[in-house]
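Me: I want to learn how to read a model like this one, feature by feature. Where do we begin?

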Amino acid sequence: MRRGYFGGTFDPPHVGHLLVASDAHAALQLDRLTFVPNAKQPLKADTATTSPALRLEMVRRAVEGDPRFDVDPIEVERGGTSYSVDTLEHLTAQHPGDDHVFLVGADVGRSFAQWREPGRIMQLAQLGVLRRQVEEGEPDDAEILASFQRVAPVGARSPVIVRTRRVDVSSTEVRARVRAGQPITGFVPDAVARFIAEHGLYHSALP
Ligand code: ATP
């Protein structure tokens, strides 16, 4: 079985996340793509977020009923700073005979060497590097791949570029719309919009 992992803050999950996940699922011929909401992102330790438990619940609602996707609570349950290497050690050990792909954004190439145990991450899973359309002045695919290959241990599988569509929506924009009293229909799945309304999320700036 081919399994993919899609980590993020998902504060809240939106249609951009789902379309990227859908593109990656198809391009990488995955059997299952698992969303892994973080507890706290190492490189954004000072950024306030909605509680991990509420974000986990929103991701559950966002993917509910879609057999391509599921959600793993491992980082939320572990708590503290979420290191991908710990998560992948655990998730890959649960399915030792399977193929594992870990999705990362193309911008991660710039910071990947500073992640905890990047070489080990590349041994545990193949990297699927999410890349939207390449704009003028941006590095080409070969340069992006090279930034990951520099930290690859001998024997690690080469990362692959996953071409995704450009979806002009972000969690930041969804939060700003709620704060401004604007509708978010179409920006997030309906079940997520209902959850946001029921729990009164994003009415004020994150603490
Ligand atoms: P924020 O606006 O709060 O920074 P975000 O949606 O960019 O939120 P995450 O929830 O952490 O941040 O995103 C998880 C992953 O999804 C990241 O790898 C990010 O690059 C990717 N992603 C987020 N939004 C889009 C989008 N509209 N199109 C493509 N990829 C996206």
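This is a predicted model: local features need pLDDT of at least 70, side-chain atom pairs count only at pLDDT 80 or more; totals for chains, interfaces and linings use all residues.

Reply: Buried means under 20% relative accessible area. Proline 37 has 0% relative accessibility, so it counts as buried. Proline 37 sits in strand S2, residues 32–37.

Me: Which residues are in contact with proline 37, leaving aside its neighbours within four places in sequence?

Reply: They are Gly8, Phe10, Leu56, Val59, Val71, Asp72, Glu75 and Val76. Distance in sequence is another matter. Proline 37 and serine 170 are 133 residues apart in sequence, and their C-alpha atoms are 16 Å apart in space.

Me: Now helices. How do I read burial along one?

Reply: Think of the turn. An α-helix has 3.6 residues a turn, so residues three or four places apart point the same way. Now take helix H8, residues 190–198: Val192, Phe195 and Ile196 are buried there. These residues cover an arc of only 100° around the axis, which puts them on the same side of H8.

Me: Which exposed residues does the face of H8 turned away from its buried side carry?

Reply: That face carries Asp190, Arg194, Ala197 and Glu198. The buried residues of H8 pack against helix H2 (52–63) and helix H7 (171–179).

Me: Which residues of H7 are buried?

Reply: Ser171, Val174, Arg175, Arg177 and Val178 are. They cover an arc of only 160° around the axis, which puts them on the same side of H7. Their cover includes H1 and H8.

Me: What takes a positive phi just after each of these two helices?

Reply: A glycine. Just after H7, glycine 181 has a positive phi of about 75°. Just after H8, glycine 200 has one of about 60°.

Me: On to the ligand. How many residues surround it, and which are the closest?

Reply: Start with the shell. It holds 17 residues, and the closest are Thr9, Phe10, Val167, Val169 and Thr172. Strand S1 (2–8), helix H1 (15–27) and H7 each supply at least two residues of the shell. By class, the shell has five nonpolar, nine polar and three charged residues.

Me: Which N or O atoms lie by the ligand's own polar atoms?

Reply: Read the backbone, then the side chains. A backbone N or O atom of phenylalanine 10 lies 2.9 Å from a ligand oxygen atom. For valine 167, a backbone N or O atom lies 2.7 Å from a nitrogen atom of the ligand. In arginine 175, a side-chain N or O atom is 3.2 Å from an oxygen atom of the ligand. Arginine 175 is also one of the buried residues of H7.

Me: How much of the ligand's area does the protein bury?

Reply: Compare the ligand alone with the ligand in place. Taken alone, it exposes 620 Å², and the protein buries 79% of that.

Definitions and conventions. Residues are numbered from 1 along each chain as its sequence is written. Side-chain values use heavy atoms; hydrogens and water are left out. Buried means under 20% relative accessible area, exposed over 50%, partly exposed in between (1.4 Å probe, protein chains only). Helices (H or I, at least four residues) and strands (E, at least two) are DSSP runs, numbered from the N terminus. The arc is that of the directions from the helix axis to the C-beta atoms. Contact means heavy atoms within 4.5 Å. A residue is near a molecule or strand if one of its heavy atoms lies within 4 Å of it. A polar contact is a pair of N or O atoms within 3.5 Å; within protein, one must be able to donate a hydrogen and the other to accept it, and residues adjacent in sequence count only if both atoms are side-chain atoms. Accessible areas come from the Shrake-Rupley method with a 1.4 Å probe; for residues, only the protein chains shown count as cover. Ala, Val, Leu, Ile, Met, Phe, Trp, Tyr, Cys and Pro count as nonpolar, Asp, Glu, Lys and Arg as charged, and the others, Gly among them, as polar.
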